[in-house]
Amino acid sequence: MAANDLRKDSCLIVPCYRHAGPLLEELGRLRAFRMPIIVVDDGNAPEESARLAAAASESVIVLRNEENMGKGASVLKGFQKAEELGFRYAVQIDADGQLDTGGIADILAAAEKNPGCLIYGVPVYDRSVNRLRYVSRFITHFWVSIELGRREIIDTMCGLRLYPLKETLEICRRHRPGARMDFDTEIFVRLCWAGVRDVPVPVKVRYIEKGVSNFDVLRDNVRISWMHTRLIYEKCLSGLLRLFGIRR
């Protein structure tokens, strides 16, 4: 698949909550990829919503949630719009400005060589990384390795990846993955369970001093823990059913 063909068949999806400033600063760099951009305003305050709405153009579609629904719900809304517009792939990137937008080119290059795959960013941190958050991510990495039956560390929490839309939406309609910060990991695991091959791509990440974080330490950790509990239960149940020759 040629680069031009892939870009005609793909769009960018950017969920945005309390990050209108960083997103608008990055918008010019995102436009350079010459793909339609779907921004999902996830219930921002009126001033931020007005700034996002003003950025709408022929190449930038701005959707709005009247109240904050969460990252997962916003990404799903972007997926549905992308499907409606006829796209085959969606590149999702976070709006907080921490990810190197140049990584999109590497994601697209990997997708050209691996059509139909989930292409996901693997964060490469600089010295700005928050050490506590860096270490805490390994708890999820540990459970994902069990859920997927692999020994290697798999980072399912980076906010840059390319999704095959048809397969992803089929999973969303069947399983309704988490609507908030639990979405990234759950949809990754379920895509792998469905037979979609995953391909890692290194992506530079920098933590912005005094940046706004939407991660709720208590609630989101509870959501993520519950997600892993459900996934482990499903994996064990499926194993038992296979043992007795039963197909779900």
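## Pairing of strand E4

In this predicted model, strands E1 and E4 pair in the parallel sense over 4 bridges. Tyr89 in E4 is the bridge partner of Ser10. E4 is also joined to E6, by 5 bridges, and these two strands run antiparallel. Within that pairing, Gln92 stands opposite Arg161 of E6.

E4 is mostly covered, with 5 of its 5 residues buried. Tyr89, Val91 and Ile93 point one way from the strand, while Ala90 and Gln92 point the other way.

## Nonpolar cores

The largest nonpolar core contains 34 residues, and those with the most contacts inside it are Leu23, Leu30, Ile104, Ile119 and Leu160. At least two residues of this core come from each of strands E1 (10-16), E2 (37-42), E4 (89-93), E6 (160-164) and E7 (198-205), and from each of helices H2 (20-31) and H5 (103-113). H5 gives the largest share, 5 residues.

Leaving aside residues up to four places away in sequence, Ile119 touches Ile107, Ala110, Ala111, Asn114, Arg161, Leu162, Val199 and Val201. Arg161 is also the residue of E6 that stands opposite Gln92.

## Surface patch

A nonpolar patch on the surface is formed by Ile139, Phe142, Trp143 and Ile146, which together have about 380 Å² of accessible area. Phe142 lies in helix H6, residues 131-148. Phe142 counts as partly exposed because its relative accessible area is 46%, between the 20% and 50% limits.

Note on methods. Residues are numbered from 1 along each chain as its sequence is written. This is a predicted model: local features need pLDDT of at least 70, side-chain atom pairs count only at pLDDT 80 or more; totals for chains, interfaces and linings use all residues. Side-chain values use heavy atoms; hydrogens and water are left out. A nonpolar core is a set of buried Ala, Val, Leu, Ile, Met, Phe, Trp, Tyr and Cys residues joined through side-chain atoms within 4.5 Å. Buried means under 20% relative accessible area, exposed over 50%, partly exposed in between (1.4 Å probe, protein chains only). Contact means heavy atoms within 4.5 Å. Patches are made of residues with over 30% relative accessible area and no salt bridge: like charges are joined within 9 Å, nonpolar side chains (Val, Leu, Ile, Met, Phe, Trp, Tyr) within 5 Å. Accessible areas come from the Shrake-Rupley method with a 1.4 Å probe; for residues, only the protein chains shown count as cover. A salt bridge is a side-chain nitrogen of Lys or Arg within 4 Å of a carboxyl oxygen of Asp or Glu. Two strands pair if DSSP finds at least two bridges between them.
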